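Subject: Structure handover

Hello,

Here is the structure I promised to pass on. Please open it and keep it beside you as you read.

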Amino acid sequence: MTPESPRHEGLCPELRDGFEQVDRIREEAKALVEGLSEAQCAWQPAPDRWSVAQCLEHLNATARNYFPVIHASINDARAQGWLGEGPFRRGWFERFFLSLTEPPPRRRVPAPRRFLPPPDRPMAEIWPSFLTFQDRLQELMIWANGVDLQRARVISPAFRLLRFSLGASLALMTAHERRHLWQIRRILEDPSFPRS
């Protein structure tokens with residue numbers, strides 16, 4: 001790869017699409033939070049509703065919990081020789097679950113305790129972590145290239161009975177991020193949102 005080559009050059013189509021989705025998510029998140037004060041980021045529409053900061057910290061918590069198991073799945077697949085170029089198919093349940101994850105959400109689902117964001121973590125800490133996790137997600141996609149994305153499995157750290165293919169797990173990560181960016185947009189559009 002030359003210095004001028006994009007980092008996603010050579011990825012299979014599914015991973016290239018995911019890589020580009022992360023680029024768009026990063027840019028959308030920047031556009032949403034750029035110029036917001038700590039007070040604006042901490043504002044909650046209601047006591048039981050998350051703030052902008054909490055939405056992003058929830059995504060960080062999701063990455064902290066999911067990335068190690070995704071990385072382990074890639075390593076295990078490589079060790080087993082489960083390689084493939086695709087195209088990769090998803091089962092009906094994976095497609096259904098993905099459709100539930102994409103915004104706008106059809107129903108509110110309570111986050112497991114380990115994914116709950118604290119109420120008082122400052123954006124000055126949350127935002128750099130969010131950007132780092134976007135880079136890390138793209139690195140995982142690069143590392144997954146060449147692995148059979150259908151055969152390799154990821155056990156959900158949230159619900160141990162849930163198992164998804166590696167390809168679906170990576171797609172769920174980006175869908176989940178879009179869901180919470182949609183939520184942030186709704187917070188910013190709330191008539192009571194503090195404008196300064």
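Below are notes on the pocket, then on the salt bridges.

The model is predicted, so local features need pLDDT of at least 70 and side-chain atom pairs count only at pLDDT 80 or more, while totals for chains, interfaces and linings use all residues. Residues are numbered from 1 along each chain as its sequence is written, and side-chain values use heavy atoms, with hydrogens and water left out.

**The largest pocket**

A pocket here is an open set of points on a 1 Å grid over the protein atoms alone, where a 1.4 Å probe fits, with protein on both sides within 12 Å along at least five of seven lines. Its volume is the space filled by probe spheres set on the points, which are joined across faces, edges and corners. For the largest pocket that is about 1100 Å³.

The lining has 33 residues. Lining residues have an atom within 4 Å of a point. Nearest the centre lie H58, V109, H176, R179 and H180.

Which helix gives the most to the lining? It is α6, with 9 residues. Helices are DSSP runs (H or I, at least four residues), numbered from the N terminus. α3 (52-80), α4 (92-101) and α6 (166-189) each supply at least two lining residues.

By class, the lining has 18 nonpolar, 8 polar and 7 charged residues. Nonpolar covers Ala, Val, Leu, Ile, Met, Phe, Trp, Tyr, Cys and Pro; charged covers Asp, Glu, Lys and Arg; polar covers the others, Gly among them.

**Salt bridges**

Side chains of opposite charge can pair when their charged atoms come close. A salt bridge needs a side-chain nitrogen of Lys or Arg within 4 Å of a carboxyl oxygen of Asp or Glu. The count is 11.

D135 pairs with R26, with the closest N and O atoms 3.0 Å apart. This pair links distant parts of the chain: D135 is in α5 (residues 123-144), R26 is in α1 (residues 13-33), and they are 109 residues apart. Is R26 buried or exposed? R26 is buried, at 11% relative accessible area. D135 is partly exposed, at 33%. Buried means under 20%, exposed over 50%, and partly exposed in between (1.4 Å probe, protein chains only).

R185 and E28 also meet in a salt bridge, at 1.7 Å from N to O. R185 lies in α6 and E28 in α1, so the pair ties together parts 157 residues apart in sequence.

R136 and E139 form another, at 3.6 Å. They sit 3 residues apart in α5, about one helical turn. Finally, salt bridges with shared partners join E57, R64, R121 and E125 into one network.

Best wishes
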